[in-house]
Amino acid sequence: MNFIWQMTSLLTANLVRTRGPTSGDSVYLTFDDGPDPAQTDRLLALLARHNAKASFFLIGERAEASPDLVVRILAGGHAVGNHSMTHQPMRQIGTRAQLQQIDQADAVLQRIDGNRWHAFRPPNGRVTWVVLLSTLWRRRPLVLWSIDSMDYKLDHQAVVGRLRAMPPKDGDIILFHDDGECALLALEVLLPEWERAGMRFPPLECAG
Ligand SMILES: [Zn+2]
């Protein structure tokens, strides 16, 4: 039993990621809940101005409605991951529905980028046993974060203050959202500061 637990911990540590690869100065920007016809292009323009790459965890039905936005995200050199088909909280639906949420979003993304699998980030970051076991079984990374910007709750000035108080370090994954302008306004202030501090912004490995 102890051996099985150790093996599970080892596999889980490898597949459940709250931090990205370290290189001395790598910080990983991640954006959930897009693509958004009113926001995503503005965010892509800001990232391009700073040569920053990000990872977008997309909602399947929103990607299906705006495939051109997904194409532009990929063309910008960013990574695309799976954030479920309709963003239903996994704890409120059955086993079969949870698996369908993952598979349907993967199918939508595959039709756009040709990749068979995408890293999964569950809605609200709530991991269930079904999500954990299915990602382990399929050897698909489950990507969470080490820093929550709280852009879904705070205004952009408060987000700036919060992230200045806990500046990201090498390997940190920061959670932002792409369905409102809070992250965009905060990053207009923070990205130049972080650049001056020597940080780089690579994409995570999210698909294959
Ligand atoms: Zn979300």
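Predicted model: local features only at pLDDT ≥ 70, side-chain atom pairs only at ≥ 80, totals over all residues.
**Entry 1: helix 2**

I began with helix 2 (residues 40–49) and looked up its buried residues, which are Thr 40, Leu 43, Leu 44, Leu 46 and Leu 47; buried here means under 20% relative accessible area, exposed means over 50%, and partly exposed lies in between, with a 1.4 Å probe and protein chains only. Because these residues cover an arc of only 160 degrees around the axis, they sit on the same side of helix 2, the arc being that of the directions from the helix axis to the C-beta atoms. I noted that helices (H or I, at least four residues) and strands (E, at least two) are DSSP runs, numbered from the N terminus.

Residues are numbered from 1 along each chain as its sequence is written, and side-chain values use heavy atoms, with hydrogens and water left out.

On the face of helix 2 turned away from the buried side I found the exposed residues Ala 48 and Arg 49. I then looked up what covers the buried residues, and the cover includes strand 2 (28–32), strand 3 (54–58), helix 4 (67–75) and helix 8 (182–196). Just after helix 2, Asn 51 takes a positive phi of about 50 degrees.

**Entry 2: helix 2 against helix 8**

Two packed helices are described by the angle between their axes and the distance between the axes. For helix 2 and helix 8 I read an angle of about 5 degrees, with the axes 10 Å apart; axes are lines fitted to C-alpha atoms, for helices over the stretch in contact, and angles run from 0 to 180 degrees between N-to-C directions. Helix 2 and helix 8 are therefore roughly parallel to each other, a term for angles under 35 degrees, whereas those over 145 count as roughly antiparallel, 65 to 115 as roughly perpendicular and the rest as oblique.

The contact (heavy atoms within 4.5 Å) is made by Arg 42, Leu 43, Leu 46, Leu 47 and Arg 49 of helix 2 with Leu 184, Leu 187, Glu 188 and Leu 191 of helix 8.

I next looked up the zinc ion, which is coordinated by Asp 33 (OD), His 83 (NE2) and His 87 (NE2) at 2.0 to 2.1 Å. Donors are N, O and S atoms within 2.8 Å of the metal (3.2 Å for Na, K and Ca), and sites may look incomplete because water is not among the atoms. Asp 33 lies in the loop between strand 2 and helix 2 and His 83 in the loop between strand 4 (79–82) and helix 5 (95–113), so the pair ties together parts that are 50 residues apart in sequence.

Asp 33 counts as buried at 10% relative accessibility, and I noted for Asp 33 a positive phi of about 80 degrees although it is not a glycine. Pro 35 lies in the loop between strand 2 and helix 2, and the peptide bond from Gly 34 to Pro 35 is cis, with omega near 0 degrees. In the loop between strand 4 and helix 5 I found Ser 84, whose phi is also positive, near 80 degrees, and which is buried with a relative accessible area of 0%.
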